[in-house]
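Please look at the sequence and the 3D structure shown here, and then follow the questions and answers below.

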Amino acid sequence: MSSIPGPEEPAVTHTHPTPQAPQVTVRGEGRLEVDPELARIWLTVSARGTDRAAVLADLTRRNAEVLDLVKARGAAVAKLETGSFSIAPEQPRRGRGEQVRAYRGRVRIAAELTDFTVLGELVPELADRAQTEVDGPWWELRPDSEAYAEARRLAVTEAVRRARAYARALGTSLGSLLELSDAGLPEPGMPTYRGFAPMAAGYAAEEPGTAPSLDLEPQRQTVTAEVVARFTMLPPAL
């Protein structure tokens with residue numbers, strides 16, 4: 001949406017190409033693959049029983065134990081959030097009235113880790129706990145990752161290279177930059193994935209035991225940036 005210039009704001013005029021000032025418009029793309037910086041996992045803690053109060057007590061205890069287990073990893077945990085909580089009655093399919101067969105409770109927890117060695121140790125420990133399910137990991141970049149800035153730089157460099165190639169083909173050179181616009185760079189925290197399939201696995205255990213460390217191979221992230229650039233050229237001798 002364009003805005004109307006105020007009384008003290010001069011109107012913007014666009015430079016139109018002329019034989020004395022020809023223009024070239026090009027698109028530049030920056031693409032790179034980088035190692036992930038974050039791993040996200042989802043935890044589901046459950047409890048079930050015929051007594052509502054007992055189910056709530058079990059769920060509260062298990063939730064606290066899981067949170068303590070994750071928090072014990074200290075600085076390796078970038079974020080820990082409770083996503084949702086529910087406790088609901090289970091009724092027989094063919095039962096009448098409000099007869100309740102059992103109660104089931106669930107808590108969903110999201111965790112982000114920056115140390116993938118710690119992640120490989122933590123996931124089996126969590127999955128080895130009773131009534132605890134682990135989904136993930138999903139590999140990501142930080143919202144302020146330098147990869148985004150590098151993708152922009154590569155896109156601009158490619159746009160300038162292309163424009164110079166066109167100018168040389170006409171036997172001339174570039175004059176000045178008229179416009180540079182973003183043509184598809186994702187916002188920080190939303191990298192563009194090409195051929196990306198998140199590595200997601202489910203882990204769960206009925207009874208706790210001894211959990212081995214899990215060897216996880218982080219999946220590299222592909223980040224792309226696109227720009228459109230418009231330049232003037234010196235008049236070619238055609």
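Q: Which residue in strand 8 is the bridge partner of Glu33?

A: This is a predicted model, in which local features need pLDDT of at least 70 and side-chain atom pairs count only at pLDDT 80 or more, while totals for chains, interfaces and linings use all residues. Residues are numbered from 1 along each chain as its sequence is written, and side-chain values use heavy atoms, with hydrogens and water left out. Strand 1 and strand 8 (residues 221–233) pair in the antiparallel sense over 12 bridges, where strands are DSSP E runs of at least two residues and helices are H or I runs of at least four, both numbered from the N terminus, and two strands pair if DSSP finds at least two bridges between them. In strand 8, the partner that bridges to Glu33 is Thr222.

Q: Is Glu158 buried or exposed?

A: Leaving aside residues up to four places away in sequence, Glu158 touches Gly28 and Glu29, a contact being heavy atoms within 4.5 Å. Relative accessible area under 20% means buried, over 50% exposed and in between partly exposed, with a 1.4 Å probe and protein chains only. Because its relative accessibility is 18%, Glu158 counts as buried.

Q: What kind of aromatic pair do Phe116 and Trp139 form?

A: A search of the whole structure finds one aromatic pair, and rings of Phe, Tyr and Trp (its six-membered ring) pair if their centres lie within 6.5 Å, with planes under 30 degrees apart counted as stacked, over 60 as edge-to-face and the rest as tilted. The rings of Phe116 and Trp139 have centres 5.0 Å apart and planes at 80 degrees, so the pair is edge-to-face.

Q: How many residues apart in sequence are the parts that this pair ties together?

A: Phe116 is buried, and so is Trp139. Phe116 lies in helix 2 (residues 116–127) and Trp139 in strand 5 (residues 132–140), so the pair ties together parts whose separation in sequence is 23 residues.
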